[in-house]
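Subject: Structure for you to look at

Dear colleague,

I am handing over the structure below, and I would ask you to keep it open while you read the notes that follow it.

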Amino acid sequence: MNMEKKNIDWANLGFGYIQTDKRFVSNFKDGKWDDGIMTEDSQVVISECAGVLQYAQTIFEGLKAYTTEDGRVVCFRPDLNASRLADSARRLEMPVFPEDRFVDAVVETVKANIGYVPPYGSGATLYIRPYMFGSNPVIGVKPADEYQFRIFCTPVGPYFKGGAKPITIKVSDFDRAAPHGTGHIKAGLNYAMSLHAIVTAHKEGFDENMYLDAATRTKVEETGGANFLFVTKDGKIVTPKSDSILPSITRRSLMVVAKDILGLEVEEREVYFDEVKDFAECGLCGTAAVISPVGKIYDHGNEICFPSGMDSMGPVTKKLYDTLTGIQMGRIEGPEGWIKVIE
Ligand code: PLP
Ligand code: COI
């Protein structure tokens, strides 16, 4: 397909919503998914009593499409988004959207909006948002019987203003996820309960929250929208292990990049907050965040300032960033199966 690029100021995009031409919609009714359609209609019309509106029965995913150096359009490990959405669905008693159909629908949605995929080198990418919600009336607390699965996409710039500039975060007084709760899945409810915490952090001048484990408040979990990566003073990569954080695809990929491509030592383990002051570098990783360096952590009057400072990414974080984005943009060959070519 040869669709002209839209007239968008790619270099100055923030992380926001821009309506594109087409989106994918499939409905689940009478125990099965229909074939789905690509539609121009961006509006969702559902019952006033829909399960999603009453009891927040909704889950989502996030991934990106990139233009590579040689002009292809690709996305990164969409099969992992498919399986994570399936895990989220099972946890919220929702029907699974078949994983192979998920990947096909992502491809079709990007193809249908190819003019919105930012050009190579523009600093922007196409953010793809698959989601599913209970659509029929539910008034007693129970799962819906009918669901809608949709995928839209929107061109985006950096999640944090300033892109690769280090950010400042605070240790939150709120909890994100309970032990045995829903922190490990991508449910809308996890983000609803983080809104007061993020508004509070922003009012106080911080870019994000660091959540500690709810049970003991001694271990590092994640932020509202990204996992943590730390670099020790001797160059080892450490990432928190917890049953109540989202298994970030970016983080899992970076651990492979670190170990197999960069030859670094990697450790996924419980990370106590007390250890954080001894790390050399800290970053947030996720689809939206890519790798955003953290320069400073504020903890109730105390500050942890990483040696990498507030001006630029630390050297190890930078290597990880360059390698991961190099794979995503086709400059570096990644492990087999990581890149799904769209066209
Ligand atoms: N943690 C949370 C809470 C998130 O919302 C996200 C974003 O998807 C991530 C981590 C990063 O996950 P991924 O790398 O799969 O985008
Ligand atoms: C993502 O990185 O895809 C996220 O979902 C994080 C945030 C925008 C919720």
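The second largest pocket is lined by 28 residues, and those lying nearest its centre are K64, G123, P158, V290 and Y321. Two or more residues of this lining come from each of strand 5 (63-67), strand 15 (290-299) and helix 7 (315-328). By residue type, the lining of the second largest pocket holds 16 nonpolar, ten polar and two charged residues, and the pocket has a volume of about 410 Å³. Please bear in mind throughout that this is a predicted model.

The largest pocket has a volume of about 680 Å³, and it is lined by 35 residues, of which Y159, E208, G224, G225 and A288 lie nearest its centre. Helix 5 gives the largest share of that lining, three residues, while the lining as a whole divides into 15 nonpolar, twelve polar and eight charged residues.

What takes up the space of the largest pocket? That space is taken by ligand 1, and helix 6 and strand 14 are the elements that give two or more residues to the shell around this ligand. The shell consists of 16 residues, with Y191, E222, S248, T250 and T287 the closest.

With I249, by contrast, a backbone N or O atom lies 2.8 Å from an oxygen atom of ligand 1. The protein covers 97% of the 380 Å² of accessible area that ligand 1 has on its own.

With best wishes

Key: Residues numbered from 1 in each chain as written. Chains lettered and ligands numbered in written order. Predicted model: local features only at pLDDT ≥ 70, side-chain atom pairs only at ≥ 80, totals over all residues. Heavy atoms only, no water. 1 Å grid on protein atoms, 1.4 Å probe; cavity = no way out; pocket = protein on both sides within 12 Å on 5 of 7 lines; lining within 4 Å. Points joined across faces, edges and corners; volume = space filled by probe spheres on them. Helix = DSSP H or I, 4+ residues; strand = E, 2+ residues; numbered from the N terminus. Nonpolar A, V, L, I, M, F, W, Y, C, P; charged D, E, K, R; others polar. Near = heavy atom within 4 Å. Polar contact = N/O pair within 3.5 Å; in protein donor to acceptor, adjacent residues only side chain to side chain. Areas by Shrake-Rupley, 256 points an atom, 1.4 Å probe, with all protein chains shown as cover. Sits in = over half its atoms within 2 Å of the grid points.
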